[in-house]
There are 2 protein chains.
Amino acid sequence: MVSSAPAPLASLAPYAQVKQYLKGRLGAGDWPPGVLMPSEAELVAQFSVSRMTVNRALRELQAEGLIERVQGVGTFAAQLHKVSSTLTLRDLHEEIAERGHHHEAKVVAQEEVRATNGLAGQLGLKPGAPVFHTLIVHLENGVPLQCEDRYVNPACAPDYLAQDFAKTTPTHYLFEATALWRAQYSIEAGRATKDEAKLLGIAPTDPCLIIVRRTFTTDSAITLARLVHPGTRYGLEGHFTP
Amino acid sequence: MVSSAPAPLASLAPYAQVKQYLKGRLGAGDWPPGVLMPSEAELVAQFSVSRMTVNRALRELQAEGLIERVQGVGTFAAQLHKVSSTLTLRDLHEEIAERGHHHEAKVVAQEEVRATNGLAGQLGLKPGAPVFHTLIVHLENGVPLQCEDRYVNPACAPDYLAQDFAKTTPTHYLFEATALWRAQYSIEAGRATKDEAKLLGIAPTDPCLIIVRRTFTTDSAITLARLVHPGTRYGLEGHFTP
DNA sequence: CAGTGGTCTAGACCACTGA
DNA sequence: CAGTGGTCTAGACCACTGA
């Protein structure tokens, strides 16, 4: 916090000041990608702080992908070579509620079935083993937004079939009832099945955004869900800032 | 590293050991969401390390969204309430090359045009101002995979039109030539335009995954791109592990 | 060899919460 | 008030790289 340190913005923790300073100069293009940046020792001198403080700032910038550090060599401005952004797959009920809209869920099916070979493989069960199945249409202000076709491993949520999914979404219930630890998903454009199209009130040829998601505990698969959205009514958005 | 500390795995830094221990117990469900976890002081005693070391482990777990910390109160197991995953939008050329396939780009248009009102607004230019435009079809092993309709702010990349986009993708060129700082995107299912369908060799009614992406420097918009992919040939995948 | 980052320590002061 | 986390310091030892 000495005169040589630029703009010592009041009330910001020292490590955050160092971080902000570096981020600003990176954003201004003062260190083009791949270029050697000031060493910890130089920043220590410049800001008159301890090395741990500078180190924290640099470690966090590294975690954010803005810089690269090599032991024994130095710190480099990172190549921003990919735009990686956080895509959040959330509970649809929350999403709709946040928009101030009304969410309604129509439960089309809620039953126990026998796992087909493919399904058993996906959930890590034996073919023919009992599996819980729900088919639910979610509406936003009365308009069908998502058709949720879901299979659940009974071992992970034994009470699944006893829930009233007109009141709680399966996503929400499973978040509460199970120890989610891992998830896997794919996002595709495709067509709804005939039944799904009917439930969504769209033409069978209408493009749909289809998300297939599997979640796991530490050990086993919890659920497999196919989420079909009319392309004209639902999209994903995101942004990326370092 | 005392006998009371469980499994002091050799050759892992102390902060990483603490982190791994907590992560393991969280994954095992030993601390259900919302529950009070050991304090820093308790972990200091348990692992016989300094508080800064424990603090680093906890801070990183917090950054990963696994725990929540409240000053004056304590550390709590987080509600894993959303599955947020890193979605990486990459250079298509790299993506195809990584699959060991052959990438080819057909440049359909490469020109200077005048910005329409809408486009000018998106790029922060005046209506009627000159804008660079390219229309390129990307093929994977000869099969059309993406139709890339892109507008570029001339101020950010004055030499854009002089590039040979059969050899370098616009994405790659712009990564090198500009100081990308922010990006925004949407992902939708929709239909290609008639022209796009012809270029992609699909029926105009075929569902497509459409990504619209805008990138920015610190100050101004760099580029607006509409990326149209045949739904049967392209999808996004991701996973999430804490 | 000097310079780099990776990590740790044993203390410190502080703001905050809840009893 | 005692307990919590947020942060900082001034030192330390180490592994690593390149000259």
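Two strands pair if DSSP finds at least two bridges between them; strands (E, at least two residues) and helices (H or I, at least four) are DSSP runs, numbered from the N terminus. This is a predicted model, in which local features need pLDDT of at least 70, side-chain atom pairs count only at pLDDT 80 or more, and totals for chains, interfaces and linings use all residues. Residues are numbered from 1 along each chain as its sequence is written, with chains lettered from A and ligands numbered from 1 in the order in which they are written.

**View 1. Strand β7 of chain A meets β10(B).** Here β7 (residues 182-191) of chain A and β10(B) run antiparallel, joined by six bridges. Look for A:E188, which stands opposite B:G235 in β10(B).

**View 2. Chain B touches chain A.** Each chain, A and B, gives 43 residues to the contact (C-beta atoms, placed from the backbone, within 7 Å). On the side of chain B, β7(B) supplies the largest share, 10 residues.

**View 3. B:V152 in the largest nonpolar core.** Such a core is a set of buried Ala, Val, Leu, Ile, Met, Phe, Trp, Tyr and Cys residues joined through C-beta atoms within 7 Å. Among its 85 residues, A:V152 and B:V152 touch the most other members. Beyond four places in sequence, B:V152 contacts B:V131, B:F132, B:A157, B:Y160, B:I222 and B:T223.

**View 4. A:A57 in helix α3 of chain A.** Helix α3 spans residues 51-63. A:A57 is buried because 25 other C-beta atoms lie within 10 Å (the cut-off is 20 or more). The C-alpha atoms of A:A57 and A:Q20 are separated by 8.7 Å, though the two are 37 residues apart along the chain.

Conventions. A residue is buried if 20 or more other C-beta atoms lie within 10 Å of its own, exposed if 12 or fewer, and partly exposed in between; C-beta atoms are placed from the backbone. Two residues are in contact if their C-beta atoms, placed from the backbone, lie within 7 Å.
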